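Here's a quick look at a fold and its metal site. Have the coordinates open as you read.

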Amino acid sequence: MRILITNDDGIYSPGIAALARVATKFGEVRVVAPDVEQSSMGHAITASRPLSYKKSPIHFEGIHAFRVNGTPADCVALGTHLWAKTDVVLSGINMGPNLGNSMWHSGTLAAAKQAVLLGIKGIAFSTPVGKDEPDFESLASYVEKTLELLLENDALALYNVNLPMNPRGIKWTRQSVRLYDGKIVPGIDPMGRKHYWYTVTPLEPAEEGTDRWAVEHDFVSITPLRLDLTNEKALSAALKSMPA
Ligand code: MN
């Protein structure tokens, strides 16, 4: 199995090294990741200038690794172009959760979405970050369990996986969309000028069965996603109301 690894935190993040290490148990691994952090870039692509890549072996002993001057989606497009017959794209492990509505901004998830657009299975991995760095050694066994589950068949699919710090199991979940946690907070810079921070505010507990609920209760959350955004209910109502 050919496994392409990428992320949005950049190739020097400890999360991508941890994911690549676990992935070697499942097949041939190659890393193609952004040369600098691209968090919250969503599904941006670089179409106004050329892309290039450089060998980047540090942190990836025995694994071919390359850094790209582009976004996570660029890395998947370029990586799968250069490495024919990629079977699956794994993205992460992101330093920070990608739960609920944050999926709209996530570069980590966008890389997995880009894989699916190209006809390749895509799986995104994220973990919350507290005061300390995540302990990727202790998460490794759950990343492995998740991959065993999700790589069982080769059907085209998109999954968003979030790992709490000390998991006690794995839950299938749906996306929590009740609340949005993005908020603009004004401030004053050292020169006395007004500026604005786009911040993430903590949300109240989520509904049972959702991704956020699972992670809050120390379960690994796996959400199967789709790319079709069509509102089926609105479409069928509109089709019915259209005069013949
Ligand atoms: Mn990130």
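In what sense do β3 and strand β4 pair, and over how many bridges? They pair in the antiparallel sense, over three bridges.

## Ground rules

This is a predicted model, where local features need pLDDT of at least 70, side-chain atom pairs count only at pLDDT 80 or more, and totals for chains, interfaces and linings use all residues. Numbering starts from 1 along each chain as its sequence is written, and side-chain values use heavy atoms, with hydrogens and water left out.

## The sheet

Nine strands make an open sheet with mixed pairing, in the order β3-β4-β2-β1-β5-β6-β7-β11-β8. Strands (E, at least two residues) and helices (H or I, at least four) are DSSP runs numbered from the N terminus; two strands pair if DSSP finds at least two bridges between them. β3 (53-55) and β8 (170-172) are the edges, each pairing on one side only.

Angles run from 0 to 180 degrees between N-to-C directions, using lines fitted to C-alpha atoms, for helices over the stretch in contact. Helix α4 (residues 136-150) runs at about 155° to β6.

## The manganese site

D8 (OD), D9 (OD), S39 (OG) and N94 (OD1) are the protein donors of the manganese ion, 2.0 to 2.2 Å from it. Donors are N, O and S atoms within 2.8 Å of the metal (3.2 Å for Na, K and Ca); water is not among the atoms, so sites may look incomplete.

D8 sits in the loop between β1 and α1 (14-23) and N94 in strand β5, so this pair ties together parts 86 residues apart in sequence. Both D8 and N94 are buried, meaning under 20% relative accessible area with a 1.4 Å probe, protein chains only (exposed is over 50%, partly exposed in between).

Methods:
Contact = heavy atoms within 4.5 Å.
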